[in-house]
Amino acid sequence: NRSIKIAPSILSADFANFGAEIQAIEAQGADWVHIDVMDGHFVPNLTFGPPAVKAFRPHVKTVMDVHLMISPVDAYIDAYADAGADILTAHIEAGPHTHRTLQAIRGAGMKAGVALNPGTPAHAVEHLLDLTDLICVMTVNPGFGGQKFIDMTDKIRTLRAMIGDREVHIEIDGGVDTTTAPLVAAAGADVLVAGSAVFRGGSVDMPSVYGDNIKAI
Ligand code: DX5
Ligand code: ZN
């Protein structure tokens with residue numbers, strides 16, 4: 001019985017009203033707030049950087065889960081620590097030295113996450129497990145909200161077995177909705193990100209996305 005954490009992504013929120021949007025998802029039971037940082041280089045889209053993340057901080061009462069889709073990463077780690085990130089996740093595909101990056105993230109006082117694109121195999125993180133607090137399994141190609149879910153349940157199962165009794169979260173990011181959430185939770189995921197399914201048509205709707213039953217898987 002693994003307890004499932006829900007981490008709505010504010011990528012699909014109203015960009016002119018982040019404070020109110022964060023308040024709304026937390027009022028509806030969000031465990032973490034997921035923040036998608038994109039650089040127009042590692043992914044073909046741009047979102048926000050450290051000053052914006054710092055401005056979100058006072059509104060986030062739970063956990064600020066920052067997903068970096070940027071390359072390079074290392075030069076910005078201190079800026080995200082200063083902005084108040086609790087968890088900082090870097091992509092393994094963002095550079096040749098993920099091992100060093102994870103050490104630097106922990107060294108800056110944050111929890112360290114590593115994200116895997118859909119084409120990257122589970123074993124890419126095999127020698128990083130002791131440096132990692134979270135593995136983010138992308139179930140879309142990163143860059144945009146609202147894309148179709150890519151089934152990665154095999155990868156999730158492999159990772160859960162590889163992690164063994166270590167305390168490492170498996171977070172799923174991309175296309176999570178009422179249909180796909182139970183599949184990934186059953187395969188071993190314990191943190192579910194969802195953007196477009198939560199921020200639908202300008203109103204926040206968490207319970208109908210996840211249902212109450214998902215929490216008990
Ligand atoms: C994709 C982002 C995701 C995205 C998820 O690059 O990392 O966090 O916002 O959005 P949905 O839930 O709409 O797929
Ligand atoms: Zn994300």
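Guide: A strand here is a DSSP run of E with at least two residues, and strands are numbered from the N terminus. In this model, which is predicted, strand β7 spans residues 169-173 and contains D173, while D36 lies in strand β2.

Visitor: Which residues does the UniProt annotation "active site" cover?

Guide: The annotation, which comes from an unreviewed UniProt entry, covers D36 and D173. Although these positions are spread over 138 residues of sequence, they cluster in space, with a largest C-alpha distance of 10.4 Å.

Visitor: Is D36 buried or exposed, and how is D173 classed?

Guide: The general idea is to count C-beta neighbours, and a residue with 20 or more others within 10 Å is called buried. D36 counts as buried because it has 24 C-beta neighbours inside 10 Å, and D173 counts as buried because it has 26.

Visitor: Which residues do D36 and D173 touch?

Guide: Leaving aside residues up to four places away in sequence, D36 touches S9, L11, T47, H67 and M69, whereas D173, counted with that exclusion, touches H67, C136, M138, T139 and V193.

Visitor: How many residues surround ligand 1?

Guide: Ligand 1 is surrounded by 21 residues, and the closest are L11, P142, G145, G195 and S196. The shell divides into 7 nonpolar, 12 polar and 2 charged residues, and strands β2 (32-38) and β8 (191-194) each supply at least two of its residues.

Key: Residues are numbered from 1 along each chain as its sequence is written. Chains are lettered from A and ligands numbered from 1 in the order in which they are written. This is a predicted model: local features need pLDDT of at least 70, side-chain atom pairs count only at pLDDT 80 or more; totals for chains, interfaces and linings use all residues. A residue is near a molecule or strand if its C-beta atom, placed from the backbone, lies within 6 Å of it. Helices (H or I, at least four residues) and strands (E, at least two) are DSSP runs, numbered from the N terminus. Ala, Val, Leu, Ile, Met, Phe, Trp, Tyr, Cys and Pro count as nonpolar, Asp, Glu, Lys and Arg as charged, and the others, Gly among them, as polar. UniProt positions are given in the numbering used here, feature names are shortened, and annotations may be inferred rather than shown by experiment. A residue is buried if 20 or more other C-beta atoms lie within 10 Å of its own, exposed if 12 or fewer, and partly exposed in between; C-beta atoms are placed from the backbone. Two residues are in contact if their C-beta atoms, placed from the backbone, lie within 7 Å.
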